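Student: I'd like to learn how to read a helix and the core around it. Could you walk me through one?

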Amino acid sequence: MQDKVCIHCFVSGLVQGVWYRASTQEQAKKLGLIGWVRNLSDGRVEAMLCGDETQVLEMLEWLRIGPPRAKVSDVTHEEVDWKDDLTDFEVL
């Protein structure tokens, strides 16, 4: 069995108005992850990714590229405690 992990991420660059959140949700669901993604007022995107460590790391790599119109300049993340209240992957 794989380790279950959650990571809290902040994505900088041209990541709003380019379908970043919807694409993140689609990719996360393909990988079987739970969590959420939302825009921040400072232009960044914030995400919580939870699931099997291998899939979470694959999703983290995807965040560094994003959808075709995005121009990601930076992704920061930290591992956080498992979120028992999450059951799906939502756009907030």
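Tutor: First, a term we need: a residue counts as exposed when its relative accessible area is over 50%, and as buried when it is under 20%. Keep in mind that this is a predicted model.

Student: Which residues are buried in helix H1?
Tutor: In H1, which covers residues 20–30, the buried ones are Tyr20, Ser23, Thr24, Gln27 and Ala28. Seen down the helix axis, these buried residues fall within an arc of 135 degrees, so they line one face of H1.

Student: And which exposed residues does the face turned away from the buried side carry?
Tutor: That face of H1 carries Glu26 and Lys30.

Student: What do the buried residues of H1 pack against?
Tutor: Their partners are strands S1 (4–14), S2 (34–39), S3 (45–52), S4 (71–80) and S5 (89–91), along with helix H2 (53–63).

Student: How should I think about cores?
Tutor: In soluble globular proteins, nonpolar side chains tend to be buried together. Here the largest nonpolar core has 22 residues, and those touching the most other members are Cys9, Val11, Tyr20, Leu49, Met59 and Leu63. S1, H1, S3 and H2 each give two or more residues to this core, with H2 giving the most, 5 residues.

Student: What follows H1?
Tutor: Gly32 does, with a positive phi near 75 degrees.

Technical notes: Residues are numbered from 1 along each chain as its sequence is written. This is a predicted model: local features need pLDDT of at least 70, side-chain atom pairs count only at pLDDT 80 or more; totals for chains, interfaces and linings use all residues. Side-chain values use heavy atoms; hydrogens and water are left out. Buried means under 20% relative accessible area, exposed over 50%, partly exposed in between (1.4 Å probe, protein chains only). Helices (H or I, at least four residues) and strands (E, at least two) are DSSP runs, numbered from the N terminus. The arc is that of the directions from the helix axis to the C-beta atoms. Contact means heavy atoms within 4.5 Å. A nonpolar core is a set of buried Ala, Val, Leu, Ile, Met, Phe, Trp, Tyr and Cys residues joined through side-chain atoms within 4.5 Å.
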